[in-house]
Amino acid sequence: MDPLSLLSTGNLNLALIKIRELIAQNPSKENYQLLGRILLELGRDEEAIEAFLKGDDYLNASRILLLRDPVSALNVLKGKEGEGFRVLRAILNFRAENYEEALKELEGVREDPIVLKIRGISEYHTKRFYEALRDLSKAMLSYPLDADIFYYRGLTKIALGDEQNAEKDLDVAINLNPYYAEAYLNKGILTENRGDINRAIELYSKSIDLKPNYKEAYIRRSKAYMKIGKESEARSDIESSERL
């Protein structure tokens, strides 16, 4: 059997032997790409990256690196042309919080749900709030169960002064992901703004329970405690925040 058939039937070790034999006779890009796929299935990521690079398959090499080292993946993709490479570079820059660079890579790229999501969140972080609202709302049509999209659309609405509808989006984010500490924090801020200090403290506490090293939540809860005269609790939270 040929290596591709062996790969499809799950006979990975024999597929690896056969593809190495083929490469010894014909070191083509296609054979190196198939070698990369087999090595990836075997969990041998470093060797798979090397094989994909020899086969000029920069996208698959970068997808492996994406999970571990965005900087290395960006170096692999440097100077590579094509929409797929641009989207992958945008994802890598997004992961590295280089939001301006992510937006530059997505200029003129065909819109799809992942592009809209990355662009929308990057627009929020770069204070392009109206653009963020538009793109996140479009992304939501394809990803209606994505808590991050609802969360960032909620933050965008807060930035635009629409706190009532922002809280609705935060509630959806929490319903989709009950462990979303940041969503509880921002719902707490909105609740505190309405004057419900005790409920806000409950939300800040929930955020801390989910993310014990969440410095901003300790600071917010400390200030809320001060408002209702609980000075010892406030001091305790300040001390906790200073240790983080």
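**Burial, contacts and cores in a predicted model**

Tutor: Of the 244 residues in the protein, 46% are buried. This is a predicted model, in which local features need pLDDT of at least 70 and side-chain atom pairs count only at pLDDT 80 or more, while totals for chains, interfaces and linings use all residues. Residues are numbered from 1 along each chain as its sequence is written, and side-chain values use heavy atoms, with hydrogens and water left out.

Student: Why is Ser122 called buried?

Tutor: Buried means under 20% relative accessible area, exposed means over 50%, and partly exposed lies in between, with a 1.4 Å probe and protein chains only. Ser122 has 0% relative accessibility, and therefore it counts as buried.

Student: Where is Ser122 placed, and in which helix is Tyr124 found?

Tutor: Ser122 is in helix 9, residues 113–125, and Tyr124 is found in helix 9 as well. Helices are DSSP runs of H or I with at least four residues, strands are runs of E with at least two, and the numbering starts from the N terminus. By this rule the protein has 16 helices and 0 strands.

Student: What makes a residue a contact of Ser122?

Tutor: Contact means heavy atoms within 4.5 Å. Leaving aside neighbours within four places in sequence, Ser122 is in contact with Phe94, Tyr99, Ala102 and Leu103. With residues up to four places away not counted, Tyr124 touches Phe129, Ala132, Tyr152, Leu155 and Thr156. Tyr152, under that exclusion, touches Ile121, Tyr124, His125, Leu136 and Tyr180.

Student: What makes a set of residues a nonpolar core?

Tutor: The members must be buried Ala, Val, Leu, Ile, Met, Phe, Trp, Tyr or Cys residues, joined through side-chain atoms within 4.5 Å. The largest such core has 61 residues, of which Ile19, Leu35, Ile38, Tyr151, Tyr152 and Tyr180 touch the most other members. Helix 7 (residues 83–95) gives the largest share of this core, 7 residues. A second, separate core holds 14 residues, including Ala181, Ile197, Tyr204 and Ala224.

Student: How do you know what radius of gyration a compact globule of 244 residues would have, and what is the value for the protein?

Tutor: The radius of gyration is taken over C-alpha atoms, and the globule rule is 2.2 Å times the number of residues to the power 0.38. For 244 residues a compact globule would be near 18 Å, but the protein has 24 Å. The C-alpha trace spans about 80 × 40 × 30 Å along its principal axes.
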